[in-house]
Amino acid sequence: MTASRFPKVHLGFIPLVDSAPFIIAEQKGFFANHGLEVELHKEVSWANIRDRTIYGHFHAAQMLGPMPIAACLGLGHLKVDMIAPMALGLGGNAVTVSTDLLANMRAVDPGLSLGNPTNVGRALATCIAERKQQGGDQLVFAVVYPFSAHNYELRYWLAASGIRPDHDVRFTAVPPSQMVAALKEGHIDGFCVGEPWSSLAGQENVGQAIISKSNIWPGCSEKVLGMRTDWAEAHPEIVDALIVSLDAACAWCEAPENRGELADILSSPDFVGTSAQAISRSLTGNVIEEGAVSEAAFMSFHADAANMPWSGQGLWLYSQMVRWGHVAHSSQGLDVAKSVYRPDIYARALGNTSPILGKAMAQEKTNFFSGRFYDGCSFDPTDVEKYLSSLEVSAYSA
Amino acid sequence: MSASPVVVVIDENDVRAAILEDGLREAGFVGVTRLSDTTNLMRQLVSLDPDVIIIDLENPSRDVLEQMFQVSRSVSRPVAMFVDQSDSEMTNAAMDAGVSAYVVDGLKKERVKTIVDTAISRFNTFSKLRAELEEARTELADRKVIERAKGIMMHARKISEDEAYTLLRRTAMTQKKRLADIAQSVITASDLLGGTDI
């Protein structure tokens with residue numbers, strides 16, 4: 001171990017399975033190996049993560065993919081420039097419905113195929129139409145934060161299934177730790193949230209995960225390393241050391257032989273604090289028990305260039321913000337969104353000769369944007385306006 | 001705005017919430033409601049229709065408010081969080097105090113400032129009280145430990161209470177440790193050696 005070369009770095013995280021890279025980098029000495037002294041801070045809300053990063057309590061933090069974009073656009077808070085120079089993984093979310101709603105869906109389609117978004121979406125649309133006809137209450141779906149990939153992928157899937165978000169179903173927000181209880185008490189009918197909460201709902205027989213994020217679009221951004229742009233510019237060496245150590249931690253998390261130990265570490269009350277059993281379920285991709293998790297893994301920490309923060313991923317999130325009326329489209333806004341995800345900094349930190357980068361470049365076209373959405377659609381990051389105009393269900397009009 | 005604005009306080013800590021409610025009433029805000037149960041928070045807030053919401057930063061329901069105010073169409077009027085570039089200093093002070101505020105657009109800035117200032121000062125008062133209480137508790141616990149250690153030493157070494165105390169203090173000084181920590185190690189050692197406790 002080398003002695004700390006830099007001033008102490010404060011990092012914020014939310015207790016979720018995908019906070020693993022931070023926790024492992026600290027626990028397994030990856031930060032220390034790269035001359036970093038890091039203090040981790042467990043937070044209770046994404047709003048706190050944002051505020052504490054803005055006001056310098058944290059130098060960087062685990063953030064939901066859209067959060068740094070929202071900060072740059074001044075949505076919901078001060079307009080503060082932020083960047084995401086690294087992604088913390090891919091996948092890791094699931095859409096879970098209550099056991100009652102699942103029973104309804106099975107009633108309309110006895111051959112319901114969990115893990116198949118087209119099939120499950122059709123059954124849900126039928127249930128919603130029947131409910132409407134019978135004058136029943138609207139279904140309520142919960143997410144944890146407005147500017148989250150959960151929110152946007154859930155909306156994407158509903159819209160592609162012919163269900164209009166905000167018209168045919170209502171949205172609410174519930175803190176992750178209260179999701180399972182809210183489902184149990186019938187305050188919500190379903191949710192889209194990071195692990196281990198879908199696994200816990202399944203384990204407690206309160207709900208069932210019906211599709212995963214990777215079923216919808218395996219290339220979708222999930223959590224990122226977010227930080228203020230001015231801090232990153234003033235401390236490029238610390239940023240690089242953070243990226244290199246987190247990348248090593250992600251590789252450690254990815255290795256199948258480490259998954260058991262990872263589940264044990266995460267289950268500590270200092271970190272995620274739920275049973276290792278529920279955490280293992282998400283680490284091994286068995287969140288939707290009977291469903292196939294398609295060709296893409298349920299979650300990856302490092303495989304498939306999972307840590308490369310493609311600017312196109314940021315642009316897709318921007319397109320969804322516009323789509324659902326969270327921001328009005330402008331060419332200026334588009335430019336801002338384009339500059340948030342920073343593959344150049346990730347590449348700089350790892351050294352431009354890194355084999356990961358060559359592989360990542362090769363993956364970009366195949367794995368991320370073209371033809372990988374479950375409904376057959378593609379996203380062309382070079383023509384966001386055309387993409388927006390092509391979306392049938394949308395608050396955007398050209 | 002002439003009528004007193006409706007203020008909702010979301011805080012699971014009974015004492016702190018009471019201190020804040022008092023402060024707000026003293027400042028002339030009569031319409032204060034406190035929510036301790038955050039189940040179905042969005043529905044509760046829609047029916048209360050608050051002008052200002054004060055929430056503690058340890059409350060995960062902050063993200064529910066963000067959803068409600070930024071994106072959701074379930075609130076009938078435009079609502080914005082009390083933060084624009086000029087409020088930066090106050091927001092920072094609020095964060096240090098452990099509190100955050102959400103405010104309806106159009107509410108007079110001075111009134112908002114009074115409410116947020118009250119929240120900051122009452123949260124700080126509470127933290128100070130808690131720190132003092134914690135200190136008093138530690139002091140009491142320390143005193144008990146020292147008494148017990150003195151008893152053990154008096155019994156084992158047949159020395160007076162003053163002598164036992166002097167010995168403890170001298171050891172603490174040479175080892176650069178707290179008196180109570182040395183006393184605790186005497187108790188532990190005595191327990192391990194099966195010594196009779198006095």
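Across the interface of chain B and chain A, the rule finds 2 salt bridges. The model in which they occur is predicted. In one of these salt bridges, Arg50(A) pairs with Glu66(B), and the closest N and O atoms are 2.7 Å apart.

The size of an interface is often given as the accessible area lost when the parts come together. For chain B and chain A, the area buried between them is about 2,500 Å². Carbon and sulfur atoms account for 52% of this area. Chain B contributes 28 residues to the contact, and chain A contributes 32 residues. Of the area that chain B buries against chain A, 23% is supplied by Asp63(B), Gln67(B) and Met95(B), more than by any other three residues.

Within chain B, helix packing was also examined. Two packed helices are described by the angle between their axes and the distance between the axes. Helix α4 of chain B spans residues 88-97, and helix α5 of chain B spans residues 109-157. The two pack at an angle of about 30°, with their axes 9 Å apart. Angles under 35 degrees count as roughly parallel, and α4(B) and α5(B) are therefore roughly parallel to each other. Their crossing is left-handed.

On the α4(B) side, the residues that meet α5(B) are Met90(B), Ala93(B), Ala94(B) and Ala97(B). Their partners in α5(B) are Lys113(B), Val116(B), Asp117(B), Ile120(B), Phe123(B) and Asn124(B). By class, this contact of α4(B) with α5(B) consists of 7 nonpolar, 1 polar and 2 charged residues.

Conventions:
Residues numbered from 1 in each chain as written. Chains lettered and ligands numbered in written order. Predicted model: local features only at pLDDT ≥ 70, side-chain atom pairs only at ≥ 80, totals over all residues. Heavy atoms only, no water. Axes fitted to C-alpha atoms, helices over the stretch in contact; angles between N-to-C directions. Helix = DSSP H or I, 4+ residues; strand = E, 2+ residues; numbered from the N terminus. Parallel < 35°, antiparallel > 145°, perpendicular 65-115°, else oblique. Left-handed = near helix turned anticlockwise from the far one by under 90°. Contact = heavy atoms within 4.5 Å. Nonpolar A, V, L, I, M, F, W, Y, C, P; charged D, E, K, R; others polar. Buried area = accessible area lost by both parts, 1.4 Å probe. Salt bridge = Lys/Arg side-chain N within 4 Å of Asp/Glu carboxyl O.
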